[in-house]
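User: I've got a model open and some labels on it that I'd like to pick apart. Can you walk me through what stands behind each one?

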Amino acid sequence: MIDWPNVTESGYEELGQNPEELQRSTCVLGFFPVIYYSILLCVGVPVNILTAVALSRLACRTKKALYYYLLAVTGSDILSQLFIIFVGFLLETAVFHRDVPALLLHSVSAAEFAANHASIWSTVPLTVDRYVALCHPLLHRQISYPARARRIIAAVLMLSLLSGVPFFWWSDMWRNSHPPTALDTVLIWTHVTIIYFLPCSIFLVLNSLIIHTLRVRQRQQRFEDDCASKLAPPRRLGKTTAMLLAITSVFSVLWAPRTVVVIYHLYVSSVHSDWRVHLAYDLSNMLAMLNTAVNFFLYCFVSKPFRGAVREVVLLKGGPLYPRRAMPPQHAPTNASISSLYSGNNKRSQRDSAPLSPHGARKPS
């Protein structure tokens, strides 16, 4: 899906190029992308595996749909790192210099797009779940549970896999010297719509509604009397909502440059012919792939339960995976009379059944 050119072409290959290939833009960054993606892969994959283990423990303990959605995002990030960074960048380009069968190149391209779509669209159900939880809490209790979350995640992954199939015909932006064709235009606009415009529009609308709802509730509670404020504690921006806003904001920032460069390549200047567009495309790809490795640090910064789960995994502490069954709470106002009657009857039965001691027995009058 994301390519950069072969910078190790030999001299005799260069002599055999046609004039259009001789005008091909050079890779200004040299081998820096190889070093960058190697570090990103060596750091990102272990960090995401640690994140997946910690989220799995939290999902088993709490039975909350939230952690299943976060687990789906983490799994999709791992797939993106393996297919896009490891297979696409390092193996195909840096090691084999894309000297592999064309069928394999196109098949890997479709897999890269599918993993990329899954990584991005796994965040959409998370955003919808948080919106329903904050704006429609009663409805959230009815529709948000682990089984439904697993079905939604399976549907998102299946749709992401199917959406990658058309990109089997994605053209090599680095090596194609001809202007973009009609098929290239359709695929590029489909790509930027799926990976940026559509999900960012959903994030913007739902996050705006969440923030607006919280502000309205805070404004209303300022005019409530003391009794009402005691019955309804003030709502503020919770840590889960803050984490959601951080995830979607980081995604929007890191993927924006690549979206702009791809559209610029389509209508203004080609990556193949302009070294400045080539450089911008390299840097935008690096920023976009950075998004697959930053969520762990966002979770650690915001979520105390996640930090505790990570600490248990790192220190190899085998805490309980499933929640313990707690005794039902006893409400003092309703159970006071029952407990007092029970204790009174218990004491009376013990007094009646206990044998009288010879010293304590009264003589009949």
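Predicted model: local features only at pLDDT ≥ 70, side-chain atom pairs only at ≥ 80, totals over all residues.

User: How many helices and strands does the protein chain have, and what makes something a helix here?

Analyst: The protein chain has 15 helices and zero strands. A helix is a DSSP run of H or I with at least four residues, a strand is a run of E with at least two, and both are numbered from the N terminus.

User: How do you know that the length of helix H9 fits its residue count?

Analyst: H9 covers residues 182–222, which is 41 residues, and at 1.5 Å a residue they should span 60 Å. The expected span is 1.5 Å times one less than the number of residues. The end C-alpha atoms of H9 are 58 Å apart, so the two values agree.

User: Where does H9 bend, and what makes that a bend?

Analyst: At Thr-193, by about 50 degrees. The bend at a residue is the angle between two fitted axes, one for the seven residues ending there and one for the seven starting there. H4 has a kink too, of about 35 degrees and centred on Val-87.

User: Why is Val-262 called buried?

Analyst: Buried means under 20% relative accessible area, exposed means over 50%, and partly exposed is in between (1.4 Å probe, protein chains only). Val-262 has 0%, so it counts as buried. Val-262 sits in helix H11. Leaving out residues up to four places away in sequence, Val-262 touches Ile-188, Val-192 and Tyr-281, where contact means heavy atoms within 4.5 Å. Val-262 and His-191 are 71 residues apart in sequence, yet 9.6 Å apart in space, C-alpha to C-alpha.

User: And His-278, buried or exposed?

Analyst: Buried, because its relative accessibility is 1%. His-278 belongs to helix H12, residues 275–290. For the protein chain, 42% of the 365 residues count as buried.

User: What makes Leu-209 partly exposed?

Analyst: Its relative accessibility is 34%, so Leu-209 falls in the in-between class. Leu-209 is in H9, and with neighbours within four places in sequence set aside, it is in contact with Tyr-131 and Cys-135. Ile-143 gets the partly exposed label as well, because its relative accessible area is 30%. Ile-143 lies in helix H7, residues 137–143, and touches Val-132 and Arg-148, not counting residues up to four places away in sequence.

User: Why does the phi of Lys-63 stand out?

Analyst: Most residues other than glycine have a negative phi. The phi of Lys-63 is near 60 degrees, a positive value in a non-glycine residue. Lys-63 lies in the loop between helix H3 (32–62) and helix H4 (65–95), and it counts as partly exposed because its relative accessibility is 40%.

User: Which class does Leu-316 fall in, and why?

Analyst: Leu-316 is exposed, because its relative accessible area is 76%. Its phi is positive too, near 55 degrees, and it is found in the loop between helix H14 (304–314) and helix H15 (332–353). His-97, which follows H4, also has a positive phi, near 55 degrees.

User: What makes something a pocket, and how much space does the largest one hold?

Analyst: On a 1 Å grid over the protein atoms alone, a pocket is an open set of points with protein on both sides within 12 Å along at least five of seven lines; in a cavity, a 1.4 Å probe fits but cannot get out. About 300 Å³ of space lies in the largest pocket, and the volume is the space filled by probe spheres set on the points, which are joined across faces, edges and corners. Of its 16 lining residues, the closest to the centre are Lys-64, Leu-66, Tyr-67, Arg-130 and Thr-240, where lining means having an atom within 4 Å of a point. The elements giving two or more residues to this lining are H4, helix H6 (123–135) and helix H11 (239–267).

How values were computed
Residues numbered from 1 in each chain as written. Heavy atoms only, no water.
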